[in-house]
Amino acid sequence: EARKLMKDNKFALACPKLEESLRLDYGIGTEFNLADCNEKLGKIATAWSGFLSVASAAHASKQPEREKVARERARALEPRLPKLTIEVPAGTSTSLEVKRDGVIVGQAAWNMAVPVDPGPHKITASAPGKKSWEGNIATAEGKAAKIAVPMAAAVYCWGDDQFGAL
């Protein structure tokens, strides 16, 4: 059904069906079709990640032609990838939680340009005893963007974490 929807250029309807199919019964072909569908929807980073995942699965299952095609598709998307850096101040509390579009961004990804889908993104930061912060930023194909978490939302203060006992 999802492939028929894709043939009819109804990608917004096809992609969720492919996601559900993948969730119920993983298949490399389904994952490839989902990456293709996401690319058609303009979800460049999601598609890129999907093609890389397909390439890895194809490599593991000794399907060199499928791996090659998936890597080529991912490589073709790389110049179009928007990259977003969420700048978090040095000395940031270990209890700070940063989210992008409701998903936690691990500390390893702070202050790094990471691929994201083009469009608007909501960034939030919160920590116990701190005022929560929210910011919005839009990313565009092939462009880098930065958003900074304010110092007031991020840095250590007495009672903030394990250092509060000193």
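This is a predicted model: local features need pLDDT of at least 70, side-chain atom pairs count only at pLDDT 80 or more; totals for chains, interfaces and linings use all residues.
**Entry 1**

I looked up the confidence, and the chain averages a pLDDT of 91. I also noted that 91% of the residues score at least 70. Then I went to residues 156–166, where the pLDDT is below 50. That stretch still has 20 contacts in the model beyond near neighbours in sequence.

**Entry 1: the largest pocket**

Next I looked for pockets. The largest one has a volume of about 200 Å³. Which residues line the largest pocket? I wrote down A45, T46, W48 and S49, then R100, D101 and V103, and finally P115, V116, D117 and H121. I checked which element gives the most to this lining, and it is helix α4, residues 44–60, with 4 residues. Sorted by class, the lining of the largest pocket has 5 nonpolar, 3 polar and 3 charged residues.

V116 sits in the loop between β4 (113–115) and β5 (119–126). Is V116 buried or exposed? I found it at 3% relative accessibility, so V116 counts as buried; the cut-off for buried is under 20%.

I then listed what V116 touches, leaving out residues up to four places away in sequence: A45, P82, L84, R100, H121 and T139.

I moved on to the second largest pocket, with a volume of about 160 Å³. Its lining is made of E1, A2, R3, K17, L18, S21, T30 and N33. Three helices, α1 (2–7), α2 (11–24) and α3 (28–41), each supply at least two residues of this lining. Which of the helices gives the most to the lining of the second largest pocket? I found that α2 does, with 3 residues. By class, I got 2 nonpolar, 3 polar and 3 charged residues for this lining.

R3 is one of the residues lining the second largest pocket, and I found R3 in helix α1. With 58% relative accessibility, R3 counts as exposed, because the cut-off for exposed is over 50%. I also looked up R3 against K17, another residue of this lining. R3 and K17 are 14 residues apart in sequence, and their C-alpha atoms are 9.4 Å apart in space.

**Entry 2: the disulfide**

Last, I went looking for disulfides. How many are there? The count comes to 1 disulfide. It joins C15 to C37, with 2.1 Å from S to S. The pair links distant parts of the chain, with C15 in helix α2 and C37 in helix α3, 22 residues apart. I noted that α2 and α3 also supply residues to the lining of the second largest pocket.

For handedness, I checked the torsion about the S-S bond of C15 and C37, which is about -120°, so the disulfide is left-handed. I looked at both ends for burial too. C15 is buried, with a relative accessible area of 3%. C37 is buried as well, with a relative accessible area of 0%.

Notes. Residues are numbered from 1 along each chain as its sequence is written. Side-chain values use heavy atoms; hydrogens and water are left out. pLDDT is the predictor's confidence in each residue, from 0 to 100. Contact means heavy atoms within 4.5 Å. On a 1 Å grid over the protein atoms alone, a cavity is a set of points where a 1.4 Å probe fits but cannot get out, and a pocket is an open set with protein on both sides within 12 Å along at least five of seven lines; lining residues have an atom within 4 Å of a point. Grid points are joined across faces, edges and corners, and a volume is the space filled by probe spheres set on the points. Ala, Val, Leu, Ile, Met, Phe, Trp, Tyr, Cys and Pro count as nonpolar, Asp, Glu, Lys and Arg as charged, and the others, Gly among them, as polar. Buried means under 20% relative accessible area, exposed over 50%, partly exposed in between (1.4 Å probe, protein chains only). A disulfide is a pair of cysteine sulfur atoms within 2.5 Å.
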